[in-house]
2 protein chains.
Amino acid sequence: MDPRTGLPVVGMVGAGQLARMTHQAAIALGQSLRILADSADDGAAVVATDVVVGDYRDLDDLRAFAEGCDVVTWDHEHVPNEHIVALREAGVSVHPGPEALHYAQDKAAMRARVAQLCSESAGAGRGIDSPRWTDLTADSDPSAALVAFGAEVGWPLVLKASRGGYDGKGVWVVDSAADAAEVLASGTPLLAEEKVSIKRELAADVARSPFGQVAAWPVVETVQRDGINVEVIAPAPGLDPELAARAQHFAITLASELGVTGVLAVELFETTDGRLLVNELAMRPHNSAHWTIEGSRTSQFEQHVRAVLDYPLGTTEQTAPVVVMANLLGGPHNLLAPQASPREDVTPKSLDERIHHTMARWPDVKIHLYGKGMRPGRKVGHVTALGTSLEDVRARAVAAADYLMNGERS
Amino acid sequence: MDPRTGLPVVGMVGAGQLARMTHQAAIALGQSLRILADSADDGAAVVATDVVVGDYRDLDDLRAFAEGCDVVTWDHEHVPNEHIVALREAGVSVHPGPEALHYAQDKAAMRARVAQLCSESAGAGRGIDSPRWTDLTADSDPSAALVAFGAEVGWPLVLKASRGGYDGKGVWVVDSAADAAEVLASGTPLLAEEKVSIKRELAADVARSPFGQVAAWPVVETVQRDGINVEVIAPAPGLDPELAARAQHFAITLASELGVTGVLAVELFETTDGRLLVNELAMRPHNSAHWTIEGSRTSQFEQHVRAVLDYPLGTTEQTAPVVVMANLLGGPHNLLAPQASPREDVTPKSLDERIHHTMARWPDVKIHLYGKGMRPGRKVGHVTALGTSLEDVRARAVAAADYLMNGERS
């Protein structure tokens with residue numbers, strides 16, 4: 001308890017944009033998030049008061065940080081699971097806990113558990129499947145296992161690092177065993193998945209409290225380019241309501257069965273033949289729900305704080321019929337507007353100038369900057385547009401994001 | 001400029017809830033507000049990184065604080081005007097500046113200037129008036145001046161301290177000169193105003209940038225009880241659109257004529273005979289626009305930051321047809337629910353427990369706590385409800401605020 005406010009203290013390990021936006025939301029609830037940062041320059045560390053600089057891989061640092069926190073939660077999934085177990089054994093309330101996080105940290109474990117839940121009936125899965133997959137590392141001859149798996153499901157295949165991948169990193173599409181030789185030789189723990197024929201990607205985001213209350217946001221479309229999420233559209237346009245309900249039901253079931261507390265993001269493939277397949281899980285606020293800051297009555301950041309504090313959850317209804325988030329990806333790049341190219345006859349403007357122009361041209365688009373250095377392709381912020389016309393809202397979000405990062409285009 | 005972000009640095013003098021909520025909004029714009037606090041325990045000081053503890057009445061403290069700020073703004077109007085002049089002379093960009101702030105700091109000066117603008121034609125005032133008033137302190141015999149003014153406009157009269165009043169403090173209703181003797185003898189600089197017959201109070205809130213752009217929110221009703229604002233209803237229910245447009249036009253004219261930068265709140269009386277009279281001015285984010293956090297596409301806090309940075313302003317449209325804010329006033333009190341009384345058979349719950357129950361019962365009501373100690377009648381937070389039915393939205397906002405402060409009622 002914070003003796004000043006009489007309210008519990010939430011500690012968040014990690015000080016990236018998720019912690020930054022969680023802190024923003026926590027302020028309204030009378031909270032001042034306690035943050036464990038790698039560096040005092042981290043995006044969340046530069047906006048919060050109670051910042052501890054330390055190493056999330058070091059149990060002593062974690063223990064010292066947790067002292068005085070009523071609950072500890074995470075802005076990423078890289079804290080060693082055994083440290084989370086040790087914290088809990090030392091009496092720290094950790095949300096989500098190590099059993100749940102295991103499935104966000106280890107893709108092979110996630111695939112096995114999700115496949116089991118999918119196969120369990122009309123109940124859990126209700127028509128949601130896993131892609132076919134195999135744990136190569138579990139085999140004494142991973143190369144032979146890959147060849148056998150390829151013969152079964154067909155080439156090309158997708159190889160994934162079991163741990164640590166994000167934003168397209170740790171994922172390889174291979175046409176043959178020879179093609180996979182280098183990755184296999186690297187010693188990275190790997191699983192192989194069938195390369196499904198994807199219509200688009202979706203996300204079903206929910207939050208669950210320790211008490212067991214669950215709240216679901218509308219299922220969204222997450223538009224990917226070069227393996228990076230560039231846009232999120234809420235709700236997913238034209239999605240069969242029956243499929244949307246199945247996806248929400250599945251995410252709720254997963255949250256309950258895995259004992260997730262806080263936000264759970266379930267990334268899904270919608271296949272060209274109309275099936276939904278589970279892609280990835282994340283157990284923290286997630287890029288696919290940044291649109292909720294303005295687009296839902298309760299943002300994922302407020303909801304995550306409510307959930308880990310075991311407060312009742314907020315309503316998740318949309319505040320506008322169409323909400324589109326576009327990521328701000330450090331320029332120059334063409335991810336948002338593949339047809340456009342930089343104008344070479346125009347002197348590049350500073351970020352501050354580009355903010356001016358963006359605000360002038362799109363006065364209703366909401367800007368979110370993460371206080372991060374610009375590196376090409378790095379997520380340094382996002383913008384959100386709201387309205388009623390899908391075409392118009394998407395166009396405004398994408399144009400504003402592209403201008404903010406890349407300036408004038410021809 | 002912040003070398004880390006390449007963005008300008010905004011300093012805010014004062015660390016109350018206005019700075020706290022401004023910081024919350026500023027984070028999205030890539031800002032980390034620099035705050036001058038009286039104490040490290042102030043509401044904004046406990047949620048921001050860049051906090052300087054110092055005395056806003058001390059020019060040296062102000063100068064040191066302003067060092068490295070691209071613009072300095074205010075969360076209250078108590079900074080001595082001559083210090084603001086001195087800061088500007090030292091090259092600090094101050095918004096709003098001393099000429100404008102003079103009219104928020106000195107009620108006699110404000111009354112004189114507003115009366116002049118109101119009398120200037122169909123132009124500025126367009127049917128907005130001042131109450132009749134006189135500056136008692138300017139008279140060599142204030143008591144005689146009061147008697148003469150009472151004979152002219154009728155008793156009772158309202159006495160106001162020219163400086164420093166808020167939340168009903170510094171305001172006295174007197175029935176006679178004898179009744180006023182004690183206040184007159186205190187030496188407080190005073191003005192007297194006719195006691196107008198009020199139907200209700202309104203506020204016209206706008207923001208203006210140094211460039212001269214102005215944006216207006218819908219005119220709201222501010223419900224008062226015992227001189228304290230308890231509820232704000234947006235838009236003001238049943239307000240004649242012609243009167244609403246006049247009020248907005250007047251606020252925009254005032255902002256331009258007085259050279260206000262940032263948010264300007266114009267508090268108005270709607271009289272029983274259908275006129276609008278100016279009550280008070282504030283040149284900072286204002287309680288009457290807290291509803292804009294969720295209720296407008298651009299909150300007053302974001303807008304204030306945009307305005308003082310001379311960024312283009314955001315759109316001010318409402319996000320729901322009816323938005324109601326209810327203040328959280330430290331209990332126990334009956335301000336929100338005058339008919340109710342505390343239940344003496346129920347053990348009072350802690351704030352944390354009351355938050356639980358409030359969230360469970362009103363999952364769509366948004367809670368904002370200011371991190372302030374509870375004193376009876378003190379504003380320690382607010383809640384906001386949104387919807388389409390005025391009756392329903394008001395009932396939810398008021399019930400949630402009353403429960404959050406007072407617990408069970410019979």
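This is a predicted model: local features need pLDDT of at least 70, side-chain atom pairs count only at pLDDT 80 or more; totals for chains, interfaces and linings use all residues.
**Overall architecture**

The domain assignment divides chain A into domain 1 (10–94), domain 2 (132–194) and domain 3 (198–406), and the centres of domain 2 of chain A and domain 3 of chain A, taken over C-alpha atoms, lie 29 Å apart. In secondary structure, chain A comprises 12 helices and 18 strands. Its radius of gyration is 21 Å, close to the 22 Å that the globule rule gives for 410 residues, so chain A is as compact as a globular protein of that length. The C-alpha trace of chain A extends over about 60 × 55 × 40 Å along its principal axes.

Of the 410 residues of chain A, 52% count as buried. Among contacts in chain A between residues at least 6 apart in sequence, 63% join residues at least 24 apart. The largest nonpolar core holds 227 residues, and those with the most contacts inside it are A:Ile35, A:Leu264, A:Val266, B:Ile35, B:Leu264 and B:Val266. Leaving aside residues up to four places away in sequence, B:Leu264 touches B:Val206, B:Arg208, B:Ala251, B:Leu254, B:Ala255, B:Leu281 and B:Met283.

**Strand pairing**

The table sets out pairings from both chains, each with its number of bridges.

| Strands | Sense | Bridges |
|---|---|---|
| Strand 6 (residues 133–135) and strand 9 of chain A | antiparallel | three bridges |
| Strand 7 (residues 157–161) and strand 9 of chain A | antiparallel | five bridges |
| Strand 10 (residues 198–208) and strand 12 (residues 220–225) of chain B | antiparallel | two bridges |
| Strand 12 and strand 13 (residues 228–234) of chain B | antiparallel | five bridges |

Strand 9 (residues 190–194) of chain A is mostly covered, five of its five residues being buried. In a regular strand the side chains alternate between the two faces of the sheet. For strand 9 of chain A, both faces are covered, with A:Leu190, A:Ala192 and A:Glu194 buried on one side and A:Leu191 and A:Glu193 buried on the other. Strand 9 of chain A pairs with strand 6 of chain A, where A:Trp133 stands opposite A:Glu193, and it also pairs with strand 7 of chain A, where A:Leu159 has A:Ala192 as its bridge partner.

In chain B, strand 12 pairs with strand 10 and with strand 13.

Chain B can be laid on chain A with an RMSD of 0.0 Å by a turn of 180° and a shift of 0.0 Å along the axis. The two copies are therefore related as by a two-fold rotation axis. The same surface serves both copies, in that 100% of the contact residues of chain B recur in chain A.

Across the contact, 38 residues of chain B meet 38 residues of chain A. Helix 1 (17–28), helix 11 (351–361) and strand 17 (366–369) of chain B each supply at least two residues of the side of chain B that touches chain A. Of the elements of chain B, helix 11 gives the most to that side, with six residues.

Technical notes. Residues are numbered from 1 along each chain as its sequence is written. Chains are lettered from A and ligands numbered from 1 in the order in which they are written. Domain bounds come from an automatic or database domain assignment. Helices (H or I, at least four residues) and strands (E, at least two) are DSSP runs, numbered from the N terminus. The radius of gyration is taken over C-alpha atoms; the globule rule is 2.2 Å times the number of residues to the power 0.38. A residue is buried if 20 or more other C-beta atoms lie within 10 Å of its own, exposed if 12 or fewer, and partly exposed in between; C-beta atoms are placed from the backbone. Two residues are in contact if their C-beta atoms, placed from the backbone, lie within 7 Å. A nonpolar core is a set of buried Ala, Val, Leu, Ile, Met, Phe, Trp, Tyr and Cys residues joined through C-beta atoms within 7 Å. Two strands pair if DSSP finds at least two bridges between them. Copies are superposed by least squares on the C-alpha atoms of residues with pLDDT of at least 70 in both.
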